[in-house]
Amino acid sequence: SFSSVKDESDSRTKSDGAEVGFADTAVRTETPLQRAETAGATKIVLNDGGCSVEGEGARVSAGGVFIEGAGTYVISGTLTDGQVYAEAEGPLEIVLDGAKISSSKGSALTVLGEQARIVLADGSENELTDAESYGSGEYAQGCVFAEKNLVISGGGSLRVNGNYADGIACGEELLIESGSLCVSAARYGLKGGSVLLSGGSVVFA
C-alpha cells in the first residue's frame with residue numbers, strides 16, 4: 001500500500017496502522033527535547049572495510065559503531081551488515097549525512113536514553129534497513145529504535161526499511177519536525193506513546 005502524511009491538517013490521521021498527530025511547532029519547542037550543541041561534533045565514517053571515528057564518545061565495535069556519551073555525532077558512509085548503537089544520559093544528536101546502514105542481526109540504529117534527535121543533513125540521502133529476524137539478544141522492535149523520546153528534523157531524506165516489525169519506534173514521544181521520510185514496515189511505520197508531525201513529510205510505502 002502507499003500513503004502519505006504531510007503537515008496539512010490539524011486533525012488526527014491513521015495511516016498503515018500508525019496513528020499520527022499534528023502539533024503546532026511553537027508548542028513543541030516547550031518540550032524538554034532541546035537540540036544539542038553542534039560545535040565539536042564527533043565524525044563517524046562507516047565502511048565495510050573498517051569504520052573510523054574522529055572525536056570523542058564513540059568507538060568502532062565488531063558489529064559496527066558504539067556511541068557512549070551525550071553530544072553530536074555526524075555519521076556518513078555505508079555499512080552493509082552492521083549496526084549503530086548509542087547510549088547516553090544527556091542530550092544525544094545523531095546527524096545522518098549520506099549514511100546507509102543495513103543489519104542482518106537486528107535494528108539498524110538503536111538509541112538508549114531520555115533525549116535523542118536524528119538530524120537529516122541538508123540535501124543528504126540516507127537509508128536504514130533492519131534484519132528480517134532478530135537475534136536472541138535484541139530487544140528493539142524497529143529498524144530505528146529509541147528507548148524514550150525521539151525527534152527527527154533536518155533538510156535531508158531518510159528511507160527506512162522495517163523488515164522485522166516497526167519502521168521507526170520509540171518508547172515515549174516521536175516528533176517529526178522536518179525532513180522527508182519514506183517508511184516501509186512489516187508492522188507499524190511509526191510507533192510511539194504519541195506520534196506527532198509538526199513539519200516535513202512522511203510517506204508509507
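Where is the place of glutamate 147? I looked this up to start, and found glutamate 147 in the loop between strand 14 and strand 15. I note at the outset that this is a predicted model.

**Entry 1: the chain as a whole**

I counted elements next. The protein chain has 1 helix and 22 strands. I then checked burial, and 51% of the 205 residues count as buried. I also looked up the accessible surface. For the protein chain it comes to about 9100 Å². Carbon and sulfur atoms hold 45% of that surface. Residues 24 or more positions apart account for 54% of them.

**Entry 2: glutamate 147 and its patch**

I went back to glutamate 147. Its relative accessible area is 36%, so I put it down as partly exposed. I then asked which residues form a negative surface patch. They are Glu87, Glu89, Glu147 and Glu172.

**Entry 3: salt bridges**

How many salt bridges does the structure hold? I found 4. Side chains of opposite charge can pair when their charged atoms come close.

I took lysine 148 and glutamate 114 to begin with. Their side chains meet in a salt bridge at 2.8 Å, N to O. This pair links distant parts of the chain, 34 residues apart. Lysine 148 sits in the loop between strand 14 (142–146) and strand 15 (149–154). Glutamate 114 sits in the loop between strand 11 (109–112) and strand 12 (115–120). Lysine 148 is partly exposed at 21% relative accessibility. The cut-off for buried is under 20%, so lysine 148 at 21% is not counted as buried. Glutamate 114 is partly exposed too, with a relative accessible area of 38%.

I moved on to arginine 187 and aspartate 166. Their side chains form a salt bridge at 2.9 Å, N to O. This pair also links distant parts of the chain, 21 residues apart. I placed arginine 187 in the loop between strand 19 (180–185) and strand 20 (190–191), and aspartate 166 in strand 17. Are the two buried or partly exposed? Arginine 187 is partly exposed, at 37% relative accessible area. Aspartate 166 is buried, at 1%.

I then looked at arginine 59 and glutamate 68. Their side chains meet in a salt bridge at 3.3 Å, N to O. Arginine 59 is partly exposed at 40% relative accessibility. Glutamate 68 is partly exposed at 42%.

**Entry 4: serine 184**

I found serine 184 in strand 19. Serine 184 is buried, with a relative accessible area of 15%. I checked aspartate 166 again here. The C-alpha atoms of serine 184 and aspartate 166 are separated by 8.4 Å, and the two residues are 18 apart along the chain. Which residues does serine 184 touch, not counting those up to four places away in sequence? I listed Arg159, Val160, Asn161, Gly162, Gly167 and Ala205.

**Entry 5: cysteine 170**

I ended in strand 17 (residues 166–170), the place of cysteine 170. Cysteine 170 is buried, with a relative accessible area of 7%. I looked up its C-alpha separation from asparagine 149. I then listed contacts, leaving aside neighbours within four places in sequence. Cysteine 170 is in contact with Ala146, Lys148, Leu150, Lys191, Gly192 and Gly193.

How values were computed:
Residues are numbered from 1 along each chain as its sequence is written. This is a predicted model: local features need pLDDT of at least 70, side-chain atom pairs count only at pLDDT 80 or more; totals for chains, interfaces and linings use all residues. Side-chain values use heavy atoms; hydrogens and water are left out. Helices (H or I, at least four residues) and strands (E, at least two) are DSSP runs, numbered from the N terminus. Buried means under 20% relative accessible area, exposed over 50%, partly exposed in between (1.4 Å probe, protein chains only). Contact means heavy atoms within 4.5 Å. Patches are made of residues with over 30% relative accessible area and no salt bridge: like charges are joined within 9 Å, nonpolar side chains (Val, Leu, Ile, Met, Phe, Trp, Tyr) within 5 Å. Accessible areas come from the Shrake-Rupley method with a 1.4 Å probe; for residues, only the protein chains shown count as cover. Lys and Arg count as positive and Asp and Glu as negative; His and the chain ends are not counted. The place of a charge is taken as NZ of Lys, CZ of Arg, CG of Asp or CD of Glu.
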